[in-house]
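Welcome! Take a moment to look over the sequence and the model, then read on for a short tour.

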Amino acid sequence: MELMVHDQEYMSSGHVGCPGCGAAIAMRFLLKALGDKIIIILPACCWSVIAGPYPQSTLHVPVIHSAFETGGAVASGVKAALDMKGDKETTVVTWAGDGGTFDIGFQALSGAVERNEDFIYVCYDNEAYMNTGIQRSSSTPYGAWTTTTPGDEWKRLRKKNIVEALVAHRIPYAATANIAFPEDLVRKAKKAQSITGSKFLHIYASCPTGWRIASELSIKIARMAVQTNIFPLYEVEDGVKYTINYRPKEYPVSEYFKLQGRFQHLTEEDLEHIQKMVDEDWALLLRKAGEHPS
Amino acid sequence: MGEKAEIIIADHLLIPRSSQSTESNKTGSWRFLRPRYDEKTAPCSAACPAGEDIAMIEMLTTQGLFKEAWDTILKENPFPAICGRVCFHPCERRCNRGEFDEAIAIHAIERFLADTAARNEFKSSLEKQPERKEKIAVIGAGPSGLAAAYFLAILGYACDVFESMPEAGGVLRWGIPEYRLPVSVLRSEIVRIEDMGVRIYTGTSVSRDFLSNARGEYDAVFMGCGHSRSRKLAIPGEGLEGIEEGIVFLDRIRRGETDAVKGTVAVIGGGNTAVDVARSVVRLGGKALIVYRRRRQDMPAFEDEISMALEEGVEIRELLAPVRIDRAGDYFTLTVQAMRVAGEETDGRAAIEPEVDKADEIVIQKIFKAIGEEAAEEWYNPAERGKQRLTLGNSVLVHRDDGIVVAYGGDLTNDTKSVVHAVASGKEAAMALDVFFRKGFHAIQQELAAYMVGNGPSLSMETYMKGRRSERNHHVVAYDEINIDYFNLAARITQPRLLIDERKKTFGEIDLKISANLAIREAERCFNCGLCNQCDNCYLFCPDLAVCRDDSLQGRHINYDYCKGCGLCVVECPRNAMVLEEEGQ
Ligand SMILES: Cc1ncc(C[n+]2csc(CCOP(=O)(O)OP(=O)(O)O)c2C)c(N)n1
Ligand code: SF4
Ligand code: SF4
Ligand SMILES: [Mg+2]
């Protein structure tokens, strides 16, 4: 697979991400796409740790560690400061987890994009509060075990559809991406960088530790999320123009669930129910994109 | 309010700033599994009797490196242009891609590369070993003898090849019909062998005492005389005038001596000779009827040949055993006994027995016998006695009391009588003789085992000569070791062929050339089982930036200072060119 990006790396070895960390891969691809003329706002999340303990930093670009709930607000401030300095070159990027995006950071994010601040907000989604010990978030999918949805109390609520929430703000660009599809991810990051205003990237990033999966399967599972329609790859321009970027093989969702420890308790019936929800969501997306089922 | 806002710029920003890299954290210490590059063996190459490095050939083809791909074939097989045409390609039956959609058309790509080499007059870049003092006589310039001479020449030996016929090639020249193998193709392959210093003495028969007198002149002899005498039917009437041997008929055609064939002709037998005869009959204007004792699926002839024969109008009458032949004027009556299936032989073919009271008569104008061939002279067969005797996968070696070694190969020793098996014999014998001269007879068997492709019996000359292929793991890559997520369904190319109507009229080559485009597209379907094709997945997906590109042949290495052993690279390698092992093993 050849990536149409510089061979240049903007990240160092020796970071403390878990073996097989999908979030580390996501960051690596994003940096390869955006280059080093960027500033990263990093609200509390696993990546706050991966980036390195003071005085280390694994990233070759400036990073501002910020409070958990402030990804949108700090980015707005940084952008304003760059404007005052006359810096038109630097791209402002918020890099936050799903907890920091779907939940606690949502108001700051909503405020920033409502003002159409010129920045890229990236949510790397590992579907729980991983850094603090696998607590469920509103991104945790239906059916998942977490430490706060343990045993028979597994989560029986849907995952929040964050992209649609952002699309509702009518921002210039919102897209999903996945670490198993680097070309697509890189293309979308570059596209976001070329657009003025608020851009939102929702990147699927597997978590071996929190999902109870073998580290070597991070990418395989990420790919399966797309192939089963659980995590479709699509983009939305100006809140209205939907494009589905990849037509998946449409494997049954069980292919995805059976690979992961966090879903082991699910019964055939549960899986059927989930399949229905996934089919429903996919049908809805097809409708929005004006496409037909295959 | 109303006043101009004053911007206060602090002298020092009172926030801590990190200035060091994380590279001082040697996260490799977390690792308990260790990934490593580990190229393995593709099943096709193990199934190829000549042990061709098919995965590599396909890979080079996709890169447009046709010369390099052709050279790669030549390391293991002197006859790409011949095998690309006439080989029954057992490789394709074992192709992993066959489980995914359809096997790679390996033979079509081989033929394409050979055609390309011919068109561009490529000179092979084979490296020869330094000259050796020993000299070897090769009896028979058929595929096994020529292959033996070729590989012996590569290993530095002087070879004299003796051929009784006026031209070299054996079955390739006098047996296989022109529509499968044009004579010009054969000749150019033979010229390449002669260019390596091999001397071929045509029109030179060798008699029985050659072996006894060889000592002094030669240090070893390779016997590749083939099977050229038809086996007898052993039924009444078989000696009647007008009943011809199939191989004699084929030989006459290849000398340009045949006339038209009229009426219906019976061809008795089920092997390749029978099919070749039947198809030649069609081309000469006759109607051919193959009469075979067992069922069609039991015929030893190659499946593709049988189905093409049927397309051309050859009829197969199965489960009929000839019992006698009578002549009535211009016609023959072939009396046949109906047979029925009664179980299975050890080789999987049907066991048969006569069906009581069911005989039939077939009236035809001519009969060809083609129930198989045997050695034309008894002494061609492997000698039973000697100081030492060794039966290998495709050859038999006899260490005579007088000290010379006689190696027997080709049809004389092989169960499957095919060109590529003959090549395998020649190669095996060449390697065995080399081991004999260097280390003695006792060392042969064990030594050769190390040069097997996968689990053998195919051998690799490249490995023997310590080429890059010798680093390959013998593990044969299975289908479920391929990461098929990286491949999309794609149909196998369809071989362009002469129209059936044209085929019936001429001996012109049936299979037509394919374009470079088509060949590349087909080669791109190949998984390259076990071989790194530089796809870069391992590099790309490493979360720890521990896969580093470099200038080595592998193109990359793993930095164990930082590799945490997550194993992603190994799983995401589409073609199993890596391995994950327990640390400290
Ligand atoms: C206001 C506040 N509440 C709680 C925390 C503790 N905290 C730090 S990271 C984190 C979880 C982050 O989850 P997520 O955003 O999904 O990122 P992940 O760790 O999963 O990558 C929490 C709860 C905090 N830093 N600040
Ligand atoms: S896919 Fe390629 S390497 Fe693998 S078995 Fe088939 S031809 Fe050989
Ligand atoms: S992933 Fe690609 S580059 Fe890496 S070893 Fe496998 S084939 Fe080679
Ligand atoms: Mg999270």
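## Around ligand 1

In this predicted model, an oxygen atom of ligand 1 sits 3.0 Å from a side-chain N or O atom of Asn126(A). The protein buries 74% of the 590 Å² that ligand 1 exposes when taken alone. Asp98(A) also takes part, with a polar side-chain atom 3.1 Å from an oxygen atom of the ligand. Cys46(A) uses its backbone instead: an N or O atom there is 2.9 Å from an oxygen atom of ligand 1.

There are 17 residues around ligand 1, and Gly99(A), Gly100(A), Tyr124(A), Ala128(A) and Met130(A) come nearest. By type, the shell holds nine nonpolar, six polar and two charged residues. Helix H4 (residues 98-103) of chain A contributes the most, with three residues.

## Around ligand 3

Ligand 3 is surrounded by 13 residues, the closest being Cys532(B), Cys535(B), Asp536(B), Cys538(B) and Cys573(B). Its shell is made up of seven nonpolar, three polar and three charged residues.

## Backbone details to look for

Most peptide bonds are trans, and most residues other than glycine have a negative phi. Here are some exceptions to find in the loops.

Tyr54(A) and Pro55(A) are joined by a cis peptide bond, with omega about 5°; Pro55(A) belongs to the loop between helix H2 (46-50) and strand S2 (63-66) of chain A. In chain B, the bond from Gly456(B) to Pro457(B) is cis too, with omega near 5°.

Ile134(A) has a positive phi, near 65°, and counts as buried because its relative accessibility is 9%. Asn528(B) has a positive phi near 55°, and at 4% relative accessibility Asn528(B) is buried.

Technical notes. Residues numbered from 1 in each chain as written. Chains lettered and ligands numbered in written order. Predicted model: local features only at pLDDT ≥ 70, side-chain atom pairs only at ≥ 80, totals over all residues. Heavy atoms only, no water. Near = heavy atom within 4 Å. Polar contact = N/O pair within 3.5 Å; in protein donor to acceptor, adjacent residues only side chain to side chain. Areas by Shrake-Rupley, 256 points an atom, 1.4 Å probe, with all protein chains shown as cover. Helix = DSSP H or I, 4+ residues; strand = E, 2+ residues; numbered from the N terminus. Nonpolar A, V, L, I, M, F, W, Y, C, P; charged D, E, K, R; others polar. Buried < 20%, exposed > 50% of the residue type's maximum accessible area, 1.4 Å probe, protein only.
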